[in-house]
Structure formats: C-alpha cells, structure tokens
Amino acid sequence: CTGFTCFAFAALDNVIKKGRPRDFALCATLTGFAIISHPISVVYFGIGLPTYLLARGLGTDEKANPMVARTLTAFAMGGALAAFWLLPYITKSMWFARYGELWKSLPSIASGLWQGNVFNNVAPPILWLAMMGAVLAACRRKFAGIFLVGFGGLVLFLSSSSAFRDLDLMNLSSSFGNVQYQRLSILVKVCFFLLAGFALQISFAQIKSRPFRWRGYFLAALLILVCSPFVKPLATEWGKTYGAEIGRPKTRKQVPHWKEYQEFLRWSAELKRKEKGFYRIAYVRPYNDHFFGAAPVYNQTPSYKVGYTPAATVVHKPETNDPELYRLLSVKYVVTVGSQHGSHLEHLKRFGAINVYRHKAYSPQRYTLKGPGTVEVKQFDSEEIKLKLSGTTEKSKLVLHVANYANWKAYGNDGKSIPIETVALAEHEHFIGLKATQNQNLNGEIEIRYTWPAINMLGAGLSWFVIAILMLM
C-alpha cells in the first residue's frame with residue numbers, strides 16, 4: 001500500500017509535465033493498486049493530493065489549471081479502477097468491524113523527534129538528517145522537498161492521538177474510528193528517509209564545490225581510521241536495536257517450522273481428498289499472526305482463524321476458541337504451533353512444533369432449526385444454499401451457521417423475499433437467521449443466495465470501464 005502510494009505520486013510528475021496516455025495509465029494503475037492494497041491509502045491520497053498541488057504551485061512556475069486537471073484526472077481514474085472494492089466498502093461500512101487504534105500524543109511525538117526515537121526501527125541520525133533536510137527544503141523552496149515536508153508533517157500530526165481528540169474527528173465522520181493511526185506513521189518514515197537523502201545530497205554538493213585541501217582530507221582519513229575498530233560491534237548492536245521489529249529478509253528455509261509446515265500441508269491436502277462431508281480446520285495463532293494464512297489455498301480446506309488477523313475486517317467474524325463455536329462452524333481439526341489443552345480436543349498428529357488435534361464434538365450440520373419442523377438440505381455451497389422445510393409454524397426460526405452480511409438474500413417457495421436478521425448461537429451473534437411470521441411461513445423450498453447489489457455492479461462496471469481505457473492507452 002505505502003509503496004504503491006509513493007510510486008503513484010512519483011508517476012504524477014510525468015502526468016503533469018508530459019501528459020502522455022501512458023503516463024496517465026501508469027499513475028492510475030498505481031493509485032488503484034494502492035487503494036485495493038489497504039483502505040488507509042484513501043487517507044494518504046486525501047491528505048497528499050491537495051498538499052502535492054500546493055507544493056507544486058509554490059515550488060514551480062507551472063500553470064495551475066492544467067496541473068490540477070491532469071492530477072485529478074489521473075487519480076480519478078485510479079479511484080474508478082478500484083471502484084469494484086471501494087464503493088461497496090464505503091457504502092457498507094456498518095458491516096465492517098472497528099479496529100481503530102490510537103497512537104502517540106503530540107508531545108510524545110515531539111519528544112521522540114528531538115531524541116531520535118519516535119519510530120522504533122529508524123535510527124536517530126536518519127531522523128536528525130531528515131529534519132535538517134526539511135529545513136533545507138523549506139529554505140530553498142524545492143518542490144519535492146516542500147511536498148515531503150508538508151505531506152509528512154500533516155500525516156504525522158494526524159496520526160497523533162492529540163489530533164484525534166482535539167479535532168473531534170469522530171464527530172466529523174465515524175469512519176475515523178476505523179483507522180489504526182500507527183499505520184499513518186509508515187508513510188511518514190518514507191518521507192523522512194527521502195528528506196534525509198536530500199540533506200546528504202546538499203551536504204555532498206557543498207563539499208564537492210569547495211577547493212581541494214590536503215589537510216581536510218587527512219583529518220577525515222585519520223578520523224575514519226580511529227573509528228574503524230568500533231564499526232562492526234556498533235553495527236551489530238545497531239541491528240539489534242533498530243532491526244528487531246522488522247527483522248531481516250528470510251528465505252523459505254529460514255522461516256521457523258517451514259519444513260514441518262509443508263509436511264502438514266501435504267498431509268491435510270491428502271486428508272481432504274479422503275474425508276467426506278463438510279469440515280473446517282481451526283488455526284490457533286496469536287494477534288496479527290499470518291503463519292497459517294495461506295493454508296486453505298494449498299490444502300483446499302475451509303479454515304477458521306482463532307485470534308485477530310486483519311485479512312478480513314467484516315463485523316461478523318468470530319475469533320475465539322470456544323468449543324461450542326467450533327461445533328457450529330464444523331471444526332473437525334485444530335492446528336497450532338505449540339500445544340493446546342482442553343477436554344474437547346484429542347491429540348492426533350505432530351509435525352515438529354506443529355500439533356494437530358481432533359475436535360471431539362465435530363458436527364457436519366450447518367444449520368439450527370429452533371421450534372417445530374424438519375429441514376432437508378438440497379444444496380449448501382459457499383454462495384448458494386437450498387433447503388426444504390416442512391412442519392414449521394410461527395414459532396420456528398432457521399439459523400444458518402454462516403456469518404451474516406449485506407449481500408445475503410433469501411427467497412421463499414413463491415419467489416418472495418424473506419427478511420434476514422443476525423442471530424446469536426451459543427452467545428455469538430454472527431449468524432444468518434430466518435424467522436417465520438403470521439403472513440409467511442418457512443415451509444417449502446427456501447433459497448439463500450450471496451447476491452451482487454446495485455452498488456457492487458456499479459463498482460465493477462466502473463472498474464471494467466477504466467480497465468478498457470487503460471488497455472487502449
């Protein structure tokens with residue numbers, strides 16, 4: 001997301017200067033990819049666009065009207081490219097969970113800038129160089145520098161908990177409650193690195209312009225010689241302090257438990273081919289852990305992730321290891337790195353540190369009928385469900401063990417729509433519920449489909465339209 005955002009702004013230079021079709025196509029594609037990668041990019045562009053135009057107006061002699069028109073055209077195309085995802089996300093915000101999280105206060109950020117430790121994994125000299133670069137950029141009125149100062153400064157300010165509270169952002173829009181404000185600091189780091197580079201460029205240019213003097217170079221060489229024994233131990237400690245959070249690039253073989261993980265994937269894929277009936281595998285991992293994230297792709301088995309992972313932010317997404325919830329979701333196996341305890345689990349297999357447990361109370365049934373009546377399953381696929389009910393009354397309620405979402409629609413035997421409500425089972429209020437009424441019973445065949453509402457169709461149409469234009473460019 002951050003990379004695509006930065007490259008989109010970089011590509012904007014050619015859009016304004018040259019205005020060729022391929023320049024618009026590149027900038028729009030990068031913008032669209034940034035938005036699809038993470039919704040925080042909408043905030044980035046919302047702050048960055050006016051800042052970019054203002055900085056370019058102050059730092060160049062370009063005419064305002066063509067500059068604004070070309071900029072807005074490129075970014076509008078990028079937004080339309082991502083419309084298939086963006087429009088439903090915006091219009092159905094009530095169906096998404098609020099994972100908003102505040103970051104540091106303004107005094108804490110200011111103190112961190114002074115001490116050089118506002119970011120855990122950025123070394124103090126880089127921050128100090130960046131601030132030096134910001135001063136030089138402002139003094140020299142360099143367009144790129146002004147943009148980085150304004151953009152980085154605004155984003156850093158808005159990332160603070162002080163700005164959130166003092167500006168009362170929640171009253172402006174409830175969407176601000178969904179933002180994880182520490183994520184804004186990621187883009188600020190990029191601005192700081194570029195400003196630090198600008199400061200170094202100016203410094204080296206000043207040194208190069210001065211006449212050659214042996215005395216100065218001799219003193220510099222002597223200083224390097226004196227400091228050289230301390231370089232390696234300093235670099236080692238430096239890496240531990242400022243590289244601990246992001247780690248180091250690893251090959252697959254260097255990833256912990258990689259070999260055992262591959263063995264598990266082969267075993268679970270073979271198990272899927274042999275097993276009959278619907279079941280899930282529950283993966284138990286800590287907060288934000290993605291280790292088993294791609295497992296369903298390789299073993300073709302539906303999954304349930306225990307513990308928060310921001311891969312899906314829908315509101316009706318359970319994350320607990322409740323045994324009753326395991327039963328409702330047809331969890332047959334529970335997988336974890338390390339051990340799990342509980343009378344509902346039976347240890348089945350081990351792949352190094354990866355343990356597989358059998359859930360004793362596994363049930364393949366994917367519905368609950370409360371009240372009188374019987375249910376016959378005709379079809380139960382991921383996006384289409386057909387059930388035949390008989391003997392139901394006004395007191396009957398059908399609950400599907402499927403998380404509710406705006407796109408689900410239900411139709412009765414007569415083709416009329418049946419209202420859907422979110423229902424709790426085992427104290428987990430996530431599931432699709434259909435309730436009989438005096439005017440409409442549930443008897444007969446019922447079809448529940450995952451549909452494409454008008455807003456989804458509009459978004460998809462806009463995206464395909466822009467894709468067609470980009471291909472012609």
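Visitor: How many bridges join strand β1 to β2, and do the strands run parallel or antiparallel?

Guide: Strands of a sheet pair through backbone hydrogen bonds, either parallel or antiparallel. Here β1 (residues 280-284) and β2 are joined by 4 bridges and run parallel. Helices (H or I, at least four residues) and strands (E, at least two) are DSSP runs, numbered from the N terminus, and two strands pair if DSSP finds at least two bridges between them. Ile 281 stands opposite Ser 303 in β2. This is a predicted model, in which local features need pLDDT of at least 70 and side-chain atom pairs count only at pLDDT 80 or more, while totals for chains, interfaces and linings use all residues. Residues are numbered from 1 along each chain as its sequence is written, and side-chain values use heavy atoms, with hydrogens and water left out.

Visitor: What is the order of the strands in the open sheet?

Guide: The 5 strands are ordered β7-β8-β14-β10-β11, with antiparallel pairing. At the edges are β7 (374-380) and β11 (417-418), each of which pairs on one side only. Inside the sheet, 4 bridges join β10 (residues 408-411) to β14 (residues 444-450), and Trp 408 stands opposite Tyr 450 in β14.

Visitor: Which residues have the most contacts inside the largest nonpolar core?

Guide: A nonpolar core is a set of buried Ala, Val, Leu, Ile, Met, Phe, Trp, Tyr and Cys residues joined through side-chain atoms within 4.5 Å. The largest one has 50 residues, and those with the most contacts inside it include Phe 9, Phe 147 and Phe 151. Among the helices that each supply at least two residues of this core are α1 (2-17), α3 (40-59) and α11 (184-209). Helix α3 gives the most, with 8 residues. Apart from this core lies another, of 23 residues, including Trp 95 and Ile 432.

Visitor: What is Phe 151 in contact with, leaving aside its neighbours within four places in sequence?

Guide: Contact means heavy atoms within 4.5 Å. By that rule, Phe 151 touches Phe 9, Tyr 44, Ile 47, Gly 48, Thr 51, Leu 187 and Cys 191.

Visitor: Is Asn 355 buried or exposed?

Guide: Asn 355 counts as buried because its relative accessibility is 3%. This residue lies in strand β5 (residues 354-359). Its side chain makes a polar contact with the side chain of Arg 350 (2.9 Å). A polar contact is a pair of N or O atoms within 3.5 Å; within protein, one must be able to donate a hydrogen and the other to accept it, and residues adjacent in sequence count only if both atoms are side-chain atoms.

Conventions:
Buried means under 20% relative accessible area, exposed over 50%, partly exposed in between (1.4 Å probe, protein chains only).
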